[in-house]
Amino acid sequence: MLMWFLRQSSVLHLCRVALNIPIDDEQWNDGLLATIREKVHMEADRKAMANQANVPADPQFQSRTTYRVKNKVIYCLDGARIGIQYETYFAGEPCEIYHCVLESKSFLEKMTVIEHTLPFFLPIREVESEFLSSNAIKFIDHLEEILQSYVDRREQVRLIKELYGNQIGELFHSLSYNLIEFVMEDFECKVTVSIRYSDLLFTLPSQARVLAWPLRSSRGISVTERRASRSASAQLVPFRLPYAEDALKTLSLPEAFAEIVLSLPRALKRILSSQESD
């Protein structure tokens, strides 16, 4: 893998000194991709013929043209291969760059993924099977969406740890950050948060569960509220916080965390008072 990275660095260096053509959404279509595919196969055939005839390669065909489509760059590689460079961002700041290389034996045959630097836990082979043979544009764009969504979820978790680390206890997440669970501490109740993303393209949770667990002792609240807290803690029955679940499903994770913390004392007071009246 390291040697492949080094080879790609050399390739990308060639691309930087070549012509870089910006492409808008309307121009990014099957026709353009077919043109790029035809070009790499023509170049591969020309090089093969030149090698057989022991003729120096034409400098015109040594130059490389890259096509920039939003946050991805399409470039030609030797051996009738096409490379895609994916640039990811969070809050306007650049994050990782990923690469994927496609190859086909001939212009008329379907392309396949032969190399990539995507995280192993993202479903590139499933996406390849579903889209690449029938809609290569859809495959390339779908991978971009999956990568950017993954980076967005990951960076949201990194940001809440950076901003609110002193209020977060245990924190667990799956490799693709489509399942995130953590404990909020330093409150009158222990608050557990569990969020799930049913699709890897989502950057907001499709499911959220927030539970407040009464503690055995409650300092800093009134006598009446403390009695209600002791009554609830004796049963150790958690209660849901619907406002917190709504915030998680409509706001980014750092924004939702701030909203939950801001409204938590009032929500706990209201719930404890309700339990006392019952």
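An open sheet of six strands runs in the order β1-β2-β3-β4-β5-β6, with mixed pairing.

User: What kind of model is this, and how are residues numbered?

Analyst: The model is predicted: local features need pLDDT of at least 70, side-chain atom pairs count only at pLDDT 80 or more, and totals for chains, interfaces and linings use all residues. Residues are numbered from 1 along each chain as its sequence is written, and side-chain values use heavy atoms, with hydrogens and water left out.

User: What makes a stretch a helix or a strand here?

Analyst: Both are DSSP runs numbered from the N terminus: a helix is H or I with at least four residues, a strand is E with at least two.

User: Which strands of the six-stranded sheet are called edge strands, and why?

Analyst: The edge strands are β1 (19-23) and β6 (112-116), as each pairs on one side only. Two strands count as paired if DSSP finds at least two bridges between them. The twist of this sheet averages 25° from one strand to the next.

User: How do you know that β4 and β5 pair?

Analyst: Strand β4 (residues 81-90) and strand β5 (residues 93-103) have nine bridges between them, in the antiparallel sense. At least two are required, so the two strands count as paired. Ile82 stands opposite Leu102 in β5.

User: Which helices pack on this sheet?

Analyst: α4 touches β5 and β6, and its direction makes about 155° with that of β6. α5 touches β3 (72-77), β4, β5 and β6, and its direction makes about 30° with that of β4. Contact means heavy atoms within 4.5 Å. Axes are lines fitted to C-alpha atoms, for helices over the stretch in contact, and angles run from 0 to 180 degrees between N-to-C directions.

User: Why is α4 called roughly antiparallel to α5?

Analyst: Helix α4 (residues 124-132) and helix α5 (residues 136-164) pack at an angle of about 150°, with axes 8 Å apart. That angle makes α4 roughly antiparallel to α5. Angles under 35 degrees count as roughly parallel, over 145 as roughly antiparallel, 65 to 115 as roughly perpendicular and the rest as oblique.

User: Which residues make the contact between α4 and α5, and what are their classes?

Analyst: On α4 they are Ile124, Val127, Glu128, Phe131 and Leu132; on α5 they are Ala136, Lys138, Phe139, His142, Leu143 and Ile146. By class, eight are nonpolar, one is polar and two are charged. Ala, Val, Leu, Ile, Met, Phe, Trp, Tyr, Cys and Pro count as nonpolar, Asp, Glu, Lys and Arg as charged, and the others, Gly among them, as polar.

User: What makes the Lys70 and Asp25 pair a salt bridge?

Analyst: The term needs a side-chain nitrogen of Lys or Arg within 4 Å of a carboxyl oxygen of Asp or Glu. Lys70 and Asp25 meet at 3.5 Å, N to O, so the pair qualifies. The pair links distant parts of the chain, 45 residues apart: Lys70 lies in the loop between β2 (65-69) and β3, Asp25 in the loop between β1 and α2 (30-52). The structure holds twelve salt bridges.

User: Why do β7 and β11 stand at the edges of the other sheet?

Analyst: Five strands form this open sheet in the order β7-β8-β9-β10-β11, with antiparallel pairing. β7 and β11 (239-240) each have a single partner strand, so one side of each is left without a neighbour in the sheet. α5 packs on this sheet, touching β7 and β8. Helix α7 (residues 242-250) also packs on the sheet, touching β9, β10 (207-214) and β11.

User: How do you know that β7 and β8 pair, and what lies between them?

Analyst: Strand β7 (residues 168-173) and strand β8 (residues 179-184) share four bridges in the antiparallel sense. They form a hairpin with five residues between them, and Tyr177 in the turn has a positive phi of about 60°.

User: What does Leu175 touch?

Analyst: Leu175, in the loop between β7 and β8, touches Phe120, Phe121 and Tyr150, not counting residues up to four places away in sequence.
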